[in-house]
Amino acid sequence: MYNKRKAGMTVAALGLALTIAVPMQTMGAPVLTIGGFTAGADKVLSKTISLDAATDAEAKKPADLTIGAGVQPAEDKETPVSFTAGAGGLVAASLTVAPEDMDEQSYDEEEGAGGLFGYTNLGIARVEDHLNVRASAEKDSKIVGKMENDTGCEILDVQNGMAHITSGSVEGYVSTDYLLTGTAAEVYAASIVKELATVNADGLKMRMEPSLEAEVYDMVAYGEELVVLEKLDGWVAVDYDGQKVYVSADYVTVDRKLKTALNMTEFLYGAGVSDVRVEICEYAKQFLGNPYVWGGTSLTRGADCSGFVLSVYAKFGVGLPHSSRAQANCGTRIKVSEMKPGDLVFYSSGSRINHVAMYIGGGQVIHASSPKTGIRISSTYYRTPVAAVRLLYD
């Protein structure tokens, strides 16, 4: 970050386009170059980021942009960086702004945020899927979190190609091959920061239209961050894997920020989920693919829907009857939208409950489905749920 009160700042009017190479986690020659900045990558995908063009004719001439406190080339950390871009380049006459000329409110807001978008040493994940955050700098150490593409982090230290970072609730180590840093990260961050809707309820319904009567597209976990497309009266339109869907404004918080990493519990189940709920879901997942047997209660040799949840809960000291209708009268009835991982959800044929599954977060259930499919994971809305029950109180 630049010290705005103690020194002047050189500001560049940026040209038409800045081409950034995007690292992917597949095999290939390591290279990521933005002007003079280079970082390793296994594969790159070019992405053009549109920036405001300078209108002054002189400003359109190719020129070097030198920022003394910015990113340094990997091979010589003491050498200033020159940025050069095609199709107009990074171009401009320099403008020196003295601290006394700056807007005081803007300065105070940025200082209060801890730097650019809340980061003092910003890093941005550039990956096709997820960047693993590991417990130590050893590349085969335990995975403690995940960073999606364009997720921001605070870089604490860099050694031997591994960056020690914090992001959200996650602290760990990531490969610098997939991390944009320094001035390059700051320039890129300005082009990708978005309004994000952070989900404040697990199993939040996403609907196809902004109405409680509209079709439910899917459910989303607590803590999930979704890109805001539009804000309406009582509703927020968000992007969910390329699909425009609507969520109630009562259950999301909207902020302009970079995405943050998820720890493994958040990644699998959503934020704020207790250890016992994680354990019961992980235990149930061990039996995926095992057979469905009507009347059965064996997690390995075969169980029906109620026999499956009966046996899973028995492992945790909770007794249940062997009937989906009877299980629906156990514990405490809750709304489907209030479900947490480990809660039971029920389905019906007409007015009669005839199936039970266990919610595992992120809009998914695990259940002994049928003789054809056995024990499997499905969307909560693969059928319309009619009731939900809570047996765990944490």
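**Strand β28 and its neighbours**

Student: Over how many bridges do β27 and β28 pair?

Tutor: The model is predicted, so local features require pLDDT of at least 70 and side-chain atom pairs pLDDT 80 or more, while totals for chains, interfaces and linings use all residues. Residues are numbered from 1 along each chain as its sequence is written, and side-chain values use heavy atoms, without hydrogens or water. Strands are DSSP runs of E with at least two residues, numbered from the N terminus, and two of them pair if DSSP finds at least two bridges between them. β27 (residues 344-349) runs antiparallel to β28, and the number of bridges is 6.

Student: Which residue of β28 is the bridge partner of Y347?

Tutor: β27 and β28 form a hairpin with 2 residues between the strands, where G350 has a positive phi near 70°. The bridge partner of Y347 in β28 is H355.

Student: Which residue in β29 is the bridge partner of M358?

Tutor: β28 is joined to β29 (residues 364-370) by 3 bridges in the antiparallel sense. This hairpin also has 2 residues between its strands, and G362 in the turn has a positive phi of about 65°. The partner of M358 in β29 is I366.

Student: How many of the 10 residues of β28 are buried?

Tutor: Buried means under 20% relative accessible area with a 1.4 Å probe, protein chains only. Across the protein, buried residues make up 46% of the 394 residues. Strand β28 (residues 352-361) is largely enclosed by the rest of the structure, because its buried residues number 8.

Terms used. Buried means under 20% relative accessible area, exposed over 50%, partly exposed in between (1.4 Å probe, protein chains only). Helices (H or I, at least four residues) and strands (E, at least two) are DSSP runs, numbered from the N terminus.
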